[in-house]
Amino acid sequence: MSENKRIFLSSPHMSDEGYEKEYINLAFDTNWIAPLGQNVDGFENELCAYTGAKYAAALSAGTAAIHLALKAAGIKPGDRVFCPTLTFSATVNPVVYENAIPVFIDCDEETWNMSPKALEKAFEKYPDTKFVAVAHLYGLAADMDEIMRICREHNAVIIEDAAESLGTTYKGKMTGTFGEYGIYSFNGNKIITTSGGGALVCNLADDEKAEERIKKARFWATQSRDPARHYQHSEIGYNYRMSNIVAGIGRGQLKVLNERVAKKRYIFDFYKKAFADIADIHMMPIDRDSVSNCWLTCITLTGDRVKPLDILLALEKENIEARPIWKPLHLQPVFEGCDYFGEEHTAQKIFDCGVCLPSDTKMTDEELERVASIVKFLWK
Ligand SMILES: *Cc1c(COP(=O)(O)O)cnc(C)c1O
């Protein structure tokens, strides 16, 4: 193992100004350590202001947000949910928590996200499906115009997993605000982090209904306590709310989100220039009808000289973190036997030839150069 300082894929990056600590101190000074308070309300409002979402509920994780999105959308046991196959398992696990049935949809090469063509095929077989989960992987925007058109035709609700794409716009509008429900994650590796956390946003056209759904999500997230002096419950609840301390970190991080997006895009451009003379390396397809937050810079390889594993091992030897593309979920043992639509197996092809490169916003030019030259050396 090399003596060099470890380079991470994407690690927490607090503001130089110390904004996060100011908000945490605010919570300490007012003894609003828990459960809720000013930072939680502030974070929800500021997240709405940043994204343009109508209403938000700050939660303990992005996964919790997906779970409550499904509940708010009215999912019932046995309902089918069309889900992307190329994503992190957290997009789909909550479908199973609710005893609903995930059906996996392939991605397309142009966006790396849900293929409208494969989605249409799925609707041909299961026309009465009422829920579609869409993700924006690595900060790349899905083809929302087509996906929304198809979903409207079938009266299906969209749950938009923008865990990796906070700050990515599609045709000028923030991802996470297209679907009836959207979710963000503030896990440690995301573009901004609260140490752990998530948010559910609701964008239903009817303002009152949207507010009501978010209030309901907050109710479920705090153990479904009915308004009564004693503890009274008429529904099953969860302990999913974000704490006031954690929300303080989020408020500080939101202030530097644009800077983080700019740096992530800089990292993408740096690698792109560095690899320009290697015909076997292809950059992920950013900025198709969109401006990507470039959460992780991913590449795919052609030719026989270098395989993804060669890159992972070469970087590992130098104490540098990199990883494969998400393994498609329809190939995961836990989802064996689930339906899958996709004749071209694009997700599997991207998985087979793709690599996520270190995209940590604290990386210096020297560190970026070091990663790029280790990768390029494999072609020497
Ligand atoms: C990180 C992530 C999640 C889950 O978010 P948590 O806050 O870790 O629960 C969901 N979907 C995708 C695509 C993610 O990358």
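Reader: Is arginine 260 buried or exposed, and what makes it so?

Author: In this predicted model, arginine 260 has 5% relative accessibility. Buried means under 20%, so arginine 260 counts as buried.

Reader: What does the side chain of arginine 260 meet, and why is that called a salt bridge?

Author: The partner is glutamate 259, at 3.9 Å from N to O. The cut-off is within 4 Å, so the pair counts as a salt bridge.

Reader: Why is glutamate 259 called partly exposed?

Author: Its relative accessible area is 45%.

Reader: Why are glutamate 146 and arginine 149 separated by about one helical turn?

Author: Because they sit three residues apart in helix H6, residues 144–153.

Reader: How many salt bridges does a search of the whole structure find?

Author: The search finds 19. One of them pairs the side chains of glutamate 46 and arginine 251, at 2.7 Å from N to O.

Reader: Where in the chain are glutamate 46 and arginine 251?

Author: In distant parts, 205 residues apart. Glutamate 46 belongs to helix H2 (residues 38–51) and arginine 251 to helix H8 (residues 244–255).

Reader: Which of the two is buried, and which is partly exposed?

Author: Arginine 251 is at 12% relative accessibility. Buried means under 20%, so arginine 251 is buried. Glutamate 46 has 27%, so it is partly exposed.

Reader: On to helix packing. At what angle do H3 and H7 pack?

Author: At about 125°, with their axes 10 Å apart. H3 covers residues 62–72 and H7 residues 207–221.

Reader: Why is H3 called oblique to H7?

Author: Roughly perpendicular ends at 115 degrees and roughly antiparallel begins over 145. The angle lies between those limits, so H3 is oblique to H7. The crossing is right-handed.

Reader: Which residues meet where H3 and H7 pack?

Author: Leu68, Lys71 and Ala72 in H3 meet Arg213, Ala217, Trp220 and Ala221 in H7. By class, the contact has five nonpolar, no polar and two charged residues.

Methods. Residues are numbered from 1 along each chain as its sequence is written. This is a predicted model: local features need pLDDT of at least 70, side-chain atom pairs count only at pLDDT 80 or more; totals for chains, interfaces and linings use all residues. Side-chain values use heavy atoms; hydrogens and water are left out. Axes are lines fitted to C-alpha atoms, for helices over the stretch in contact, and angles run from 0 to 180 degrees between N-to-C directions. Helices (H or I, at least four residues) and strands (E, at least two) are DSSP runs, numbered from the N terminus. Angles under 35 degrees count as roughly parallel, over 145 as roughly antiparallel, 65 to 115 as roughly perpendicular and the rest as oblique. A crossing is left-handed if the near helix is turned anticlockwise from the far one by less than a right angle, and right-handed if clockwise. Contact means heavy atoms within 4.5 Å. Ala, Val, Leu, Ile, Met, Phe, Trp, Tyr, Cys and Pro count as nonpolar, Asp, Glu, Lys and Arg as charged, and the others, Gly among them, as polar. Buried means under 20% relative accessible area, exposed over 50%, partly exposed in between (1.4 Å probe, protein chains only).
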